[in-house]
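Good morning, and thank you for joining this group meeting.

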Amino acid sequence: DRALTQSLLGWLGDPAQYPVAWPGVSFDPDAVGVYLEPSIVPASTKPVTLGDNGQDEALGYFQIDVVEPIVTGGGATDTIVSALLQYYVNGKGFAYNSQSVQIIRRSRSSQRKDPNAARNRVALTFYWRANLIRPL
């Protein structure tokens, strides 16, 4: 959801520096240069222990696309991609809503041209795991 995505992107600091195209929110990419396009895929869960207060393992991923107009040359994209990969290293943990989550894997796409616009895009995908206490 958006609150989780915002907490994941919070390290970027000043939102005016890197505008964010939130899913389902009006956004004009032509009005900005470089921007981020986040998405979170809902987690799948499976039981890992038995009992009423057992634990479930949740696995999911979030993706951050770094989008830049072709005319800018890609320098900002490289800087942002590098910063994201340095921050979200394998094994990094963070907390959200009293729940601990750990990054278990990450991947980066090659830079590709957006077919509908004069923009390049790099997709970063971060896979995470969390153990959840099963509600009664």
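From the N terminus on, the elements of the protein follow the order α-β-β-α-β-β-β-β. In total there are 2 helices and 6 strands; helices (H or I, at least four residues) and strands (E, at least two) are DSSP runs, numbered from the N terminus.

What we are viewing is a predicted model, in which local features need pLDDT of at least 70 and side-chain atom pairs count only at pLDDT 80 or more, while totals for chains, interfaces and linings use all residues. Residues are numbered from 1 along each chain as its sequence is written, and side-chain values use heavy atoms, with hydrogens and water left out.

Let me start with the whole chain. Of the 136 residues of the protein, 35% count as buried; buried means under 20% relative accessible area, exposed over 50%, and partly exposed in between, with a 1.4 Å probe and protein chains only. Among contacts (heavy atoms within 4.5 Å) between residues at least 6 apart in sequence, 58% join residues at least 24 apart.

Which residues touch the most other members of the largest nonpolar core? They are L84 and F126, in a core of 21 residues. The elements that give two or more residues to this core are β2 (55-69), α2 (75-87), β4 (99-108) and β6 (119-133). The largest share, 5 residues, comes from β6. By nonpolar core I mean a set of buried Ala, Val, Leu, Ile, Met, Phe, Trp, Tyr and Cys residues joined through side-chain atoms within 4.5 Å. In soluble globular proteins, nonpolar side chains tend to be buried together.

Next, the helix α2. The buried residues of α2 are T77, I80, V81 and L84. They cover an arc of only 100 degrees around the axis, and therefore lie on the same side of α2; the arc is that of the directions from the helix axis to the C-beta atoms. On the other side of α2, T79 and Q86 are exposed. The buried residues of α2 pack against β1 (35-47), β2, β4 and β6.

β2 and β6 run antiparallel and are joined by 15 bridges, with P69 standing opposite R119 in β6. Two strands pair if DSSP finds at least two bridges between them. β4 also pairs with β6 in the antiparallel sense, over 6 bridges, and here R105 stands opposite Y127. Strand β5 (residues 112-113) is joined to β6 by 2 bridges, again antiparallel, and a hairpin connects β5 to β6 through 5 residues.

I close with two residues. N120 lies in strand β6 and is the bridge partner of K113. Is N120 buried or exposed? At 17% relative accessibility, N120 counts as buried. N120 and V67 are 53 residues apart in sequence, yet 5.8 Å apart in space, C-alpha to C-alpha. Leaving aside neighbours within four places in sequence, the contacts of N120 include V66, V67, E68 and I70.

The second residue, E57, lies in strand β2. E57 counts as buried because its relative accessibility is 14%. Not counting residues up to four places away in sequence, E57 touches S44, T45, K46, V48, R129, A130 and N131.
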